[in-house]
Amino acid sequence: MHKRYFITAVVASLGAAAFASPPGYNYEGQWGKPGFGDGQFNLPYGVAVAPNGNVYAADTYSNRIQYFTAVGSFLGKWGSEGTGEGRFNLPGLLAAAPSGYIYVPDTYNHRVQYFTANGSFLGVWGSYGTGNGEFEYPRGVAVAANGNVYVTDDNDRVQRFTATGSFLGKWGSYGAGEGYFVSPVGVAVAPNGNVYVG
């Protein structure tokens, strides 16, 4: 049976009916409640699972990252509102790399920051714009098995970078045809290297 874990702040408003398990799945547990304390959330947008099983949540409107064991025991946090290293302005759909690094799209600061597994700042790239390596409200990040980083933003495209932010390529523009986007958000990389974009 597949296991599912929930962060309560994401689903609390759905009520008890939200936890009815579909065939093949069993409800396993949940954690969190609205608030600003450790293990509490203010509109968390992104969740990622690290190679060691720890769970990272972008507590978006609190401008911080919290992380937990696989069953929700609080381990730590970092971040606050601002523009400096390790500060955020609405962090989005973060990703955990095979290396254990955590990549965070810092949406309203128009950049991507990355950190060690316990939140030590490692680097940042990006600024507002339409050029290569620039962003307009980056929303989603995914990391491939080889460490390359894929980022979606409101420039209606996906950009690809090395693990440290060197620009490698891009695709997409505004439209409804194949390979076109309208404000793409979610992005994921399959084990075979295929990239999926919402």
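Biologist: What makes Leu-43, Tyr-45 and Tyr-61 a nonpolar patch on the surface?

Modeller: Together they have about 330 Å² of accessible area, by the Shrake-Rupley method with a 1.4 Å probe, where only the protein chains shown count as cover. Nonpolar side chains are then joined within 5 Å, like charges within 9 Å. Mind that this is a predicted model: local features need pLDDT of at least 70 and side-chain atom pairs 80 or more, while totals for chains, interfaces and linings use all residues. Residues are numbered from 1 along each chain as its sequence is written, and side-chain values use heavy atoms, leaving out hydrogens and water.

Biologist: Why is Tyr-45 called partly exposed?

Modeller: Buried means under 20% relative accessible area and exposed over 50%, with partly exposed in between (1.4 Å probe, protein chains only). Tyr-45 is at 48%, so partly exposed it is. Tyr-45 sits in strand S3, residues 44-49; strands are DSSP runs of E, at least two residues, numbered from the N terminus.

Biologist: What makes S9 mostly covered?

Modeller: Five of the five residues in S9 (111-115) are buried. Arg-111, Gln-113 and Phe-115 lie on one side, Val-112 and Tyr-114 on the other.

Biologist: How do you know that S8 and S9 pair?

Modeller: Pairing takes at least two DSSP bridges, and S8 (102-106) and S9 have five, in the antiparallel sense. Ile-102 stands opposite Phe-115 there. S9 also pairs antiparallel with S10 (121-125), over four bridges.

Terms used
Patch = residues over 30% accessible without salt bridge, like charges linked within 9 Å, V, L, I, M, F, W, Y side chains within 5 Å. Salt bridge = Lys/Arg side-chain N within 4 Å of Asp/Glu carboxyl O.
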